[in-house]
Amino acid sequence: MKIAASFIVLALALTFSTSVFAADSGADLYKTKCAMCHGPDGKGETAMGKRLGTKDLGSADVQKQSDGDLTTVITKGKGKGKMPGYEGKLTGDQIQELVKFIRTLKK
C-alpha cells in the first residue's frame with residue numbers, strides 16, 4: 001500500500017514538474033524567437049514590431065484564433081517580409097509551447 005501511494009505521489013510530482021517546465025519553455029522560446037518584434041509583453045510596441053504592423057498578441061483579434069491557426073502562423077510565417085516561419089527551426093512541441101504562452105498574454 002505504501003509503495004502504491006509512493007508511485008502516485010511520484011507520478012503527480014512528475015506531472016507538475018513537466019507542466020511547470022513546459023510553461024518556462026514557452027516563455028523562454030518566446031523571449032528568444034518572438035520578443036524582438038512582438039515585445040516582452042506581446043503588444044508589438046518595438047521598433048521592428050511597429051515597422052511591420054505587428055498585432056498585439058493579447059488582443060481579442062489574435063486570441064480568438066484557434067490553436068491550429070496560431071500553430072500555422074508560427075510554422076509557416078505570415079506574408080512576405082513579415083513574420084518568418086519556424087518550420088524546421090522549432091519542433092512541433094516547441095511550437096505548441098509558444099501557442100500556450102501566447103494564450104497567457106490574453107487581456
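Residues are numbered from 1 along each chain as its sequence is written, and side-chain values use heavy atoms, with hydrogens and water left out. Because the model is predicted, local features need pLDDT of at least 70 and side-chain atom pairs count only at pLDDT 80 or more, whereas totals for chains, interfaces and linings use all residues.

Q: Which residues of helix α5 are buried?
A: A residue counts as buried under 20% relative accessible area, as exposed over 50%, and as partly exposed in between (1.4 Å probe, protein chains only). Helix α5 covers residues 67-76, and its buried residues are L70, T71, I74 and T75.

Q: Within what arc do the buried residues of α5 fall?
A: The arc is that of the directions from the helix axis to the C-beta atoms. Seen down the axis of α5, the buried residues line one face of the helix, because they fall within an arc of 130°.

Q: Is α5 parallel or oblique to α6?
A: Axes are lines fitted to C-alpha atoms, for helices over the stretch in contact, and angles run from 0 to 180 degrees between N-to-C directions. Angles under 35 degrees count as roughly parallel, over 145 as roughly antiparallel, 65 to 115 as roughly perpendicular and the rest as oblique. The helices α5 and α6 pack at an angle of about 120°, with their axes 10 Å apart. That angle makes the relation of α5 to α6 oblique.

Q: Is K33 buried, partly exposed or exposed?
A: K33 lies in helix α1, which spans residues 2-33. Its relative accessible area is 31%, so by the cut-offs given above K33 is partly exposed.

Q: Which residues is K33 in contact with, leaving aside its neighbours within four places in sequence?
A: Contact means heavy atoms within 4.5 Å. K33 and L98 are 65 residues apart in sequence and 9.6 Å apart in space, C-alpha to C-alpha. With neighbours within four places in sequence left aside, the residues in contact with K33 are Y86 and L90.

Methods: Helices (H or I, at least four residues) and strands (E, at least two) are DSSP runs, numbered from the N terminus.
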